[in-house]
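Hi there,

Here is the structure I promised to send over. Please have a look at it first, and then read on for what turned up.

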Amino acid sequence: MRLSRYFLPVLKENPSEAQIASHRLMLRAGMIKQESAGIYAWLPLGYKVLRRLAQIVHEEQERAGHIPLLMPTLQSADLWRESGRYDAYGPEMLRFKDRHDREMLYGPTNEEMITDIFRTYVSSYKDLPVTLYQIQWKFRDEIRPRFGVMRGREFYMKDGYNFDLTREDALHAYNRHMVSYLRTYERMGLTAIPMRADSGPIGGDNTHEFLVLAQTGESEVFYDARVPELKLGERAVDYDDREQVAGICKEFTTLYARTDETHDVKVFEDQVPEEHRRVGRGIEVGQIFYFGTKYSEAMGAVVTTPDGRKVPVEMGSHGIGVSRLIGALIEANHDEKGIIWPEGVTPFHVGIVNLKQGDSATDAACDSIHAALVAAGLDPLYDDRDERAGSKFATMDLIGLPWRITVGPRGLANNVVELTSRRTGESEEMSAAAAVARIKEIYAAL
């Protein structure tokens, strides 16, 4: 992609309405445009990151054996009346009537609809277990939307639902989701800590939230300092191996980590040595629930057991806030110049800056580097605008591409270009071929 042909409406000044870094930088970097309170248009750069995150979520869900589908954003109020949640959910639910006077709602979550789909097609234990998920837009009419995509009204979310015959099966699904989420966040360059939490309107008595530590987080968190050091790394996971999956979950949840809603001062002080006690703030980026037969009993989602009995299925639901993740990533990865994308989620893998646009040698060198990167399956952004070098560097720093290749007449005279790391600011001179090879090596490792 050439920047002269791309739609990237960057802003030089900080927007007055932005209170936190992620909101400010997403507006300045031309990622989003506010259309109304808590509702944003996703511009090309922001949409590109959104799709990259969604792809990682899809890959890790399918790796864990979960099956994608797509449900509508609008739902019938009748389904929610079956579960008893229509009147209980609260004013966050957007309710309306269609032209035939039927009561409808814009889905804030999909437990009722997925249960209806399941009960329509599954009636035997032989078809279990099954876990279905989607990545779809949701709407919750927040009373005070703020912080950009972190607390918006419309948001892009992965929501998944497991259906199992027994409690033990359903708890394995819970554990499977926890491990798949840990791997998902690590691939994105995030440390997301599973913390025991409150289930809220979803229901159930077993739930964990995943929180990214950040000073701007809305939740106060209490945790053992050793928790953020835990990593899955490159270990192989067999999601059908219940003992292995449960062991990983135990590893990541034994040390104390709770939100303010479930914090127990006595347990915190008894379990955590004083030197390891930490109090901070966190951004919620996902949550998993086990709620048993809450919805299946209410809505008649039953299966026949091997001995001929009909029993309600055991269920759980599991969400990742995909659009919210972008805000969390920026909160955890930025400096005074702009965003610093981790390699796993960057909208473009590398930026190419031409210091003398129109010069035949630098133009040819940039074209050659761009072609070599594309041929390697990478996605570079070539700044071929007729702008000052300072303006080009500022744009690259603002949008946060993790690597930059700078090409100028002086360097080419010595057969070198400059490769710069956005995170460290360190630069190294090398041949154009060596720079391309280095970028290929970095992303091959991912």
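In what order do the five strands of the open sheet lie? Before the answer, please keep in mind that this is a predicted model. The order is β20-β19-β21-β22-β23, and the pairing within this sheet is mixed. At its edges sit β20 (380-383) and β23 (427-430), each of which pairs on one side only. Leaving direction aside, neighbouring strands of the sheet are turned by 20° against each other on average.

V353 has D383 in β20 as its bridge partner.

Helix α11 (residues 389-399) packs on it and touches β19, β20 and β21, with a direction at about 170° to that of β19. Helix α10 (residues 360-375) lies across β19, β20, β21 (403-407) and β22 (417-421), and it too runs at about 170° to β19.

Next, strand β7 (residues 130-139). Is this strand mostly covered or mostly exposed? It is mostly covered, with nine of its ten residues buried. β7 also has two pairings to look at. With strand β3 (residues 67-68), β7 runs parallel, and two bridges join them; here P68 has Y133 in β7 as its bridge partner. With strand β8 (residues 154-164), β7 pairs in the antiparallel sense over ten bridges, and Q134 stands opposite D159 in β8.

Finally, a helix pair. Helix α2 (residues 44-63) packs with helix α9 (residues 322-332) at an angle of about 110°, and their axes are 9 Å apart. Angles from 65 to 115 degrees count as roughly perpendicular, so α2 and α9 are roughly perpendicular to each other. The crossing of α2 past α9 is right-handed. Which residues meet there? From α2 come G46, V49, L50, L53, A54 and V57, and from α9 come V322, S323, L325, I326 and L329. Of the residues in this contact, nine are nonpolar, two are polar and none is charged.

Best wishes

Technical notes:
Residues numbered from 1 in each chain as written. Predicted model: local features only at pLDDT ≥ 70, side-chain atom pairs only at ≥ 80, totals over all residues. Heavy atoms only, no water. Axes fitted to C-alpha atoms, helices over the stretch in contact; angles between N-to-C directions. Helix = DSSP H or I, 4+ residues; strand = E, 2+ residues; numbered from the N terminus. Parallel < 35°, antiparallel > 145°, perpendicular 65-115°, else oblique. Left-handed = near helix turned anticlockwise from the far one by under 90°. Contact = heavy atoms within 4.5 Å. Nonpolar A, V, L, I, M, F, W, Y, C, P; charged D, E, K, R; others polar. Buried < 20%, exposed > 50% of the residue type's maximum accessible area, 1.4 Å probe, protein only. Pairing = 2+ DSSP bridges.
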